[in-house]
Amino acid sequence: MPSYCEDGPIHTRRGAGMRKLPPLNSLRAFEAAARHGSFTAAAKELFVTVTAVSHQIRQLEELVDKKLFERSGRAVVLTEAGAAFYPRLRDGFDQLAEAFAQVSGEKEGDVVAVSMTKVFAERWLMPRLDRFHSAFPDVIVNVHASENVVDLRAESIDLAIRYGPVDLAAKPTILLRDVYLAVAASSISNSERQPVIDDYRKRPLLAYKWKNPAFLCPTWSTWLAETPHELDGDFKISWFSEETLALHAAERGLGPLLTSNVLVDEKLRDGTLRRIEGPILPGYAYRLIEGPSFGKKKSAVRFADWLKEEAVTFARDIPHPMNAPSP
């Protein structure tokens, strides 16, 4: 029978010999700290104090007689020994989790965790999510909305939707491609004809700061260069730090907005927004990224398949001329 000791190594019998393992708490503390690069984040994940994490890792270092972390203020960096140890321990924990899942099986009320940007979650996913719940009432969807590229393993994310340019050589799973068009609230738009940009001379053009400055984002300058308009006087631009704020401002009639058709499709259909006559600029792609646990969870596969079906329906139903392929 195996024997367990809180403060000392764990000894388990393997044939005629013994397997010597360090305390599980020390291993968990090391793995979490290495994954996050922070004792504080590890402590938060494990629901213990930073002092407890430090103690557990110090105990592990004493057992292996090697330094596993270099400490510099709040930051911690793996030593050569720690860097060699971490991947094996991480993979071991993944195998333990997989073994447990196989033994326990999927349960009613299974959970899928999905990551995406805040604006995509609000504008595209949320209006459709009830359809998924109707089709799979026992599956709970946890939505992690962030503008940052999250570590799928560290955050236990099953599936991510990421936006930007794609490397076709990597054979990405593309969910949607978008285009950019100018829109304005129906409340400030000409009701007798399609609005033109000169209708809004007395209002600022709305714009938002892209989180990734490396992207060559569509701009009002590019859009105006391709559409006829009066050259007497410049347009003023009102900037927003968040894309979702710019969208709310446009819907409330503060001015026109150059934005992705994916994010305003619902508001164009219900009449809240109207498209302004002018060019359609190419955007980027929303692609699906599978987390480490994706293939082991039926719920995650179901959710990915449902997303793909919704994306096909969306692309098919986009009204002309927005239903044009983007490069």
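This is a predicted model: local features need pLDDT of at least 70, side-chain atom pairs count only at pLDDT 80 or more; totals for chains, interfaces and linings use all residues.
Q: Is T222 buried, partly exposed or exposed?
A: Burial is read from relative accessible area, where under 20% is buried and over 50% is exposed. T222 has a relative accessibility of 36%, and therefore counts as partly exposed. As for its place in the fold, the C-alpha atom of T222 is separated by 9.4 Å from that of P279, although the two residues are 57 apart along the chain.

Q: Which residues touch the most other members of the largest nonpolar core?
A: In soluble globular proteins, nonpolar side chains tend to be buried together. Here the largest nonpolar core has 62 residues, and within it F303 and L307 touch the most other members. Strand β8, residues 173–185, gives the most to this core, contributing nine residues. Leaving aside residues up to four places away in sequence, L307 touches W124, L125, L159, I161, L175 and L288. Apart from this core lies another, of 19 residues, which includes F30, L46, V53 and L89.

Q: Which residue caps the N-terminal end of α8, and what follows the helix?
A: A cap of this kind can be read from a side-chain oxygen and a backbone nitrogen: S260 caps the N-terminal end of α8, with a side-chain oxygen 3.2 Å from the backbone nitrogen of V262. Within α8, which covers residues 261–269, N261, V262, L263, V264 and D265 are buried. The helix is followed by G271, whose phi is positive, near 90°.

Methods: Residues are numbered from 1 along each chain as its sequence is written. Side-chain values use heavy atoms; hydrogens and water are left out. A nonpolar core is a set of buried Ala, Val, Leu, Ile, Met, Phe, Trp, Tyr and Cys residues joined through side-chain atoms within 4.5 Å. Buried means under 20% relative accessible area, exposed over 50%, partly exposed in between (1.4 Å probe, protein chains only). Helices (H or I, at least four residues) and strands (E, at least two) are DSSP runs, numbered from the N terminus. Contact means heavy atoms within 4.5 Å. A polar contact is a pair of N or O atoms within 3.5 Å; within protein, one must be able to donate a hydrogen and the other to accept it, and residues adjacent in sequence count only if both atoms are side-chain atoms.
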